[in-house]
Amino acid sequence: MASETDLLNDALGQIGSARITAIDDGTTNANHCQVFWPPLRQGLIRSHHWNCAMKRISLAADVTAPVSEYAYAYTLPSGCLKVVDYGGGTPSSAAIWPTEYPAMRYVPRYKIEGRKLLTNDGVVYIRYLDDIDVGQWDAMLYQAGATLLASKLSTAILHDHKLALALQQMGDHLLSLAMAVDGQEGSTESFVVNDLIWGR
């Protein structure tokens, strides 16, 4: 099973640079990886509803309720990068906009504010994208991630902008293929609309 260090060395190998023993080994190349890899990793996971990164969980309500509009606040899991689906039950009518805002009566089912999910549902289930370890990544996502990281490292280490552009284009192509293949797994989901105009 490939590790994060394997992916980083894959990227460094694509530009002919020295390998590292870990992202925090203190070498110049590792320091560059520390700068570029974490935000790139999280951005890649957020970019698509990857099957490998999908998790389900039941949330526990926070002790402190929101100041207004909603009855409950739920802290999202530490690795949650995006809430994909929401399910709730036992709604409460306890929370509403303060009386000084009488016209503001529409309240969406839930909202994400910072690391909190706000809702009037007393029971909450979510499906979300988790910041999973590279060892759990889809093989094609792994290849795309390594190549896109190589693009960034080629600029930082080699100062070779032409190579960086070529690697970015290759990485984008690999990412598109990975998304297409990943999207073909599982049964087809119906597209449901409530608006009669869009439903025509």
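**Core packing and aromatic pairs in a predicted chain**

The buried residues of helix H1 are Thr-5, Leu-7, Leu-8, Asn-9, Ala-11 and Leu-12, where buried denotes under 20% relative accessible area, exposed over 50% and partly exposed the range in between, with a 1.4 Å probe and protein chains only. The structure is a predicted model, in which local features need pLDDT of at least 70 and side-chain atom pairs count only at pLDDT 80 or more, whereas totals for chains, interfaces and linings use all residues. Residues are numbered from 1 along each chain as its sequence is written, and side-chain values use heavy atoms, with hydrogens and water left out.

The cover over the buried residues of H1 includes H2 and H3, and H1 is followed by Gly-16, whose phi is positive, near 70°. The chain contains five helices and six strands, these being DSSP runs (H or I of at least four residues for helices, E of at least two for strands) numbered from the N terminus; read along the sequence, they follow the pattern α-α-β-β-β-β-β-β-α-α-α. Of the 200 residues of the chain, 36% count as buried. Among contacts (heavy atoms within 4.5 Å) between residues at least 6 apart in sequence, 74% join residues at least 24 apart.

A nonpolar core is defined as a set of buried Ala, Val, Leu, Ile, Met, Phe, Trp, Tyr and Cys residues joined through side-chain atoms within 4.5 Å. The largest such core has 33 residues, and those with the most contacts inside it are Leu-7, Leu-8, Trp-37, Trp-137 and Leu-149. Two or more residues of this core are given by each of helix H1 (4–14), helix H2 (28–46), strand E3 (80–91), helix H3 (139–158) and helix H4 (161–183), with the largest share, eight residues, coming from H3. When residues up to four places away in sequence are not counted, Leu-149 touches Leu-7, Leu-8, Ala-11, Phe-36, Trp-37 and Leu-40.

The structure holds three aromatic pairs; rings of Phe, Tyr and Trp (its six-membered ring) are paired if their centres lie within 6.5 Å, and planes under 30 degrees apart count as stacked, over 60 as edge-to-face and the rest as tilted. One of these pairs, formed by Trp-37 and Trp-137, is tilted, at 5.7 Å centre to centre and 45° between the planes. Because Trp-37 lies in helix H2 and Trp-137 in the loop between E6 and H3, the pair ties together parts that are 100 residues apart in sequence; both Trp-37 and Trp-137 are buried. The rings of Tyr-86 and Tyr-110 have their centres 4.5 Å apart and their planes at 20°, so this pair is stacked. Tyr-86 in strand E3 and Tyr-110 in strand E4 (residues 110–113) are 24 residues apart, and their pair links distant parts of the chain. Tyr-86 is buried, with a relative accessible area of 18%, whereas Tyr-110 is partly exposed, with a relative accessible area of 27%.

Arg-127, placed in strand E6 (residues 121–130), counts as buried at 16% relative accessibility, and a polar contact of 2.4 Å joins the side chains of Arg-127 and Asp-85. Such a contact is a pair of N or O atoms within 3.5 Å; within protein, one atom must be able to donate a hydrogen and the other to accept it, and residues adjacent in sequence count only if both atoms are side-chain atoms. Cys-33 is buried, with a relative accessible area of 0%, and Cys-80 is buried, with a relative accessible area of 4%. A search of the whole structure finds zero disulfides, a disulfide being a pair of cysteine sulfur atoms within 2.5 Å.
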